[in-house]
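Subject: Structure for your review

Dear colleague,

My notes on its features follow directly after it.

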Amino acid sequence: MFEYMKNGWHLASQVRKSISRNRKLYIYPLLSGIVSVVVFGLTFFILILETPASGYSYYYYIVGIFVAYVLVYFFATLIIMAMMISYRSVKADNPLTTREAFSSTKKYIGKAFQWAILYSVLLMILRAIESRVRGIGGIIIASIGSFAITVATFFAVPVILDYDTGPINAIKISVDTIKSHFGDTFGGVIYIDLYTLIFTGGGFLLLIISAILLGAGIPLIVIAIIAAIAVIMIILGIILNFTYMNIFKLILFDYVNGRTLPDGIDENLLNSSIKQRGGGYIGNGPF
């Protein structure tokens, strides 16, 4: 098991190096984060100011949050697609500008919106179940539900990008891809990026330290600086993880569908990091 994890660390390093050849890719998660903050910020601002204090106010909040989810996932899906298109263009030695990459996503607007609605419905149902079940049971249900959604939709965006298909069929193709290459449990993927974990984990650790220092007589300016560094580290970790994980999904999806690997990605390392259904490894069998 440790050998698989070690290979996963090396694979993550190669993915990072492959992405570093096109640093414009980091623009996309930044845009996604800005859109998310703006949409949810405006949503809560409008709900607080405009929602009437009546027996129906609860339902206004539910509808408002659902609309925010749809908008966020709609824009996020288009942004991820643009990032994947940009990465593929560099791989093909025909790099596109950010504007050209976004222009290429126009034909997917309808499918992206359908996907955002379906994904938002799934999340809202999961949140509703969580709110009804308290204690350990709620945690278990939330964990199982989140894992099931994550696995079922793992390749959904690359599928929509390649097949220009609707959300239901995208999930079906994503699940079929997983079953045919990795088995029903999808337990063979070992991809551990300690690099991004250092940023996010270190950021949260600094936040805890700054909270502890509040009562220790430390000057407030020092605590504020530590907290600011912590927030920057967390945001940077989220940006990096967004980029690396989505590009890794694209690389893996392309590979199991017979496409060549990008320069710098060792096929033997990929095979030794990702077990195929039945205990074998991907890459050498028929696709």
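Tyrosine 61 is found in helix 3; helices here are DSSP runs (H or I, at least four residues), numbered from the N terminus. At a relative accessible area of 32%, tyrosine 61 is partly exposed, a class that lies between buried (under 20% relative accessible area) and exposed (over 50%), with a 1.4 Å probe and protein chains only. This is a predicted model, in which local features need pLDDT of at least 70 and side-chain atom pairs count only at pLDDT 80 or more, while totals for chains, interfaces and linings use all residues. Residues are numbered from 1 along each chain as its sequence is written, and side-chain values use heavy atoms, with hydrogens and water left out.

Tyrosine 61 also belongs to a nonpolar surface patch of about 1,100 Å², together with Ile27, Leu30, Leu31, Ile34, Val38, Leu42, Phe44, Phe45, Ile46, Ile48 and Leu49. Such a patch consists of residues with over 30% relative accessible area and no salt bridge, nonpolar side chains (Val, Leu, Ile, Met, Phe, Trp, Tyr) being joined within 5 Å. The accessible areas come from the Shrake-Rupley method with a 1.4 Å probe, and for residues only the protein chains shown count as cover. Helix 2 (residues 27–50) gives the largest share of the patch, 11 residues.

Serine 120, in helix 5 (residues 109–132), is buried, with a relative accessible area of 0%. Its side chain reaches the backbone oxygen of tyrosine 69 at 3.5 Å. Apart from neighbours within four places in sequence, serine 120 is in contact (heavy atoms within 4.5 Å) with Phe66, Tyr69, Val70 and Tyr73.

Alanine 152 has its place in helix 6. With neighbours within four places in sequence left aside, alanine 152 is in contact with Ile171, Ser174 and Val175. The C-alpha atoms of alanine 152 and isoleucine 178 are separated by 8.5 Å, the two residues being 26 apart along the chain.

Finally, the charged pairs. There are 5 salt bridges, each a side-chain nitrogen of Lys or Arg within 4 Å of a carboxyl oxygen of Asp or Glu. One of them joins aspartate 162 to arginine 88, with the closest N and O atoms 2.7 Å apart. Aspartate 162 lies in helix 7 (residues 156–163) and arginine 88 in helix 3 (residues 57–91), so this pair ties together parts that are 74 residues apart in sequence. Arginine 88 forms a salt bridge with aspartate 254 as well, at 2.6 Å between the closest N and O atoms. That pair links helix 3 to helix 10 (residues 220–256), 166 residues apart. Aspartate 254 is buried, at 4% relative accessible area, and its side chain meets that of arginine 259 in a salt bridge (3.0 Å, N to O). Through shared partners, salt bridges join Arg88, Asp162, Asp254 and Arg259 into one network.

With kind regards

Methods. Helices (H or I, at least four residues) and strands (E, at least two) are DSSP runs, numbered from the N terminus. A polar contact is a pair of N or O atoms within 3.5 Å; within protein, one must be able to donate a hydrogen and the other to accept it, and residues adjacent in sequence count only if both atoms are side-chain atoms. Patches are made of residues with over 30% relative accessible area and no salt bridge: like charges are joined within 9 Å, nonpolar side chains (Val, Leu, Ile, Met, Phe, Trp, Tyr) within 5 Å.
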